[in-house]
Amino acid sequence: ALNLKIASLSKTGGGIIHIRKGKYYLINVQLHSNIQIKIDKEVLILPYFDKSAKKLGTTIFEVGKEFPVENVAITNSDEDNENQATWFSVNFPKGDYRMKVITACNVHNFKFSGFKITDSYTPFSAIALNLPDSNNRNDVAFQGIIKNVFLTNSHVGYGVIQIQAGKSILCKNLEGTGGVTMRVETGSG
């Protein structure tokens with residue numbers, strides 16, 4: 001339902017989708033251009049598991065992996081508030097799977113902020129910037145802000161964010177325990 005709403009709103013020029021108080025099970029939500037998702041502090045997001053999530057690397061929010069995206073945001077409702085009490089929550093329960101909160105690839109002018117992640121030592125960093133499916137090195141995350149993110153129980157080999165491909169990315173107020181808070185490294189081929 002969320003993917004349909006995003007696609008429909010993007011076709012009419014874009015807008016804001018407000019996710020209100022509650023528990024939501026999400027997987028592979030594809031952001032389209034000119035969409036802002038604002039999430040209330042009383043929201044808890046968990047991955048929706050299906051058979052493929054057990055074997056493959058999966059993400060909750062996918063941005064620019066399959067097609068170019070611009071002018072987007074995934075933030076808490078009070079998006080520039082650094083007080084964690086205003087941030088929404090993401091929880092990765094224990095299990096044998098690989099999961100990311102956000103995968104961002106061919107995206108221009110974006111903002112991700114205002115969330116707390118409780119991990120369970122899953123492989124992959126919570127946020128990953130990488131090449132899109134086309135593997136075009138010119139189509140990478142560009143002119144973005146990633147801030148106000150707190151991660152606990154991270155796998156020692158991963159962490160809050162891993163930037164494998166990107167240009168002009170501002171990272172601010174990131175904190176994590178258990179892994180590396182921010183990795184800037186190759187690995188995209």
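How do the residues of the lining of the second largest pocket divide into nonpolar, polar and charged? They divide into eight nonpolar, one polar and no charged; here Ala, Val, Leu, Ile, Met, Phe, Trp, Tyr, Cys and Pro count as nonpolar, Asp, Glu, Lys and Arg as charged, and the others, Gly among them, as polar.

The model is predicted: local features need pLDDT of at least 70 and side-chain atom pairs pLDDT 80 or more, while totals for chains, interfaces and linings use all residues. Residues are numbered from 1 along each chain as its sequence is written, and side-chain values use heavy atoms, with hydrogens and water left out.

**Stop 1: the second largest pocket**

Select Ala1, Leu2, Asn3, Ile19, Tyr24, Tyr25, Leu26, Ile27 and Val29, which line this pocket. A pocket is an open set of points on a 1 Å grid over the protein atoms alone, where a 1.4 Å probe fits, with protein on both sides within 12 Å along at least five of seven lines; lining residues have an atom within 4 Å of a point. The space amounts to about 160 Å³, a volume being the space filled by probe spheres set on the points, which are joined across faces, edges and corners. Next, colour α1 (2–11) and β2 (22–26), each of which supplies at least two lining residues. The largest share, three residues, comes from β2. Helices (H or I, at least four residues) and strands (E, at least two) are DSSP runs, numbered from the N terminus.

**Stop 2: the largest pocket**

Now select Lys65, Lys100, Thr103, Phe124 and Asn130, which lie nearest the centre of the largest pocket among its 17 lining residues. Its volume is about 290 Å³. The lining comprises four nonpolar, nine polar and four charged residues.

**Stop 3: Asn76**

Move to Asn76 in strand β7 (residues 69–76). Asn76 counts as buried because its relative accessibility is 0% (buried is under 20% relative accessible area, exposed over 50%, partly exposed in between, with a 1.4 Å probe and protein chains only). Its side chain reaches the backbone oxygen of Thr86 at 3.1 Å. Beyond neighbours within four places in sequence, Asn76 is in contact (heavy atoms within 4.5 Å) with residues including Ile39, Trp87 and Ser113.

**Stop 4: the whole chain**

Finally, display the entire chain, which has one helix and 15 strands. Buried residues make up 47% of its 189 residues.

Conventions. A polar contact is a pair of N or O atoms within 3.5 Å; within protein, one must be able to donate a hydrogen and the other to accept it, and residues adjacent in sequence count only if both atoms are side-chain atoms.
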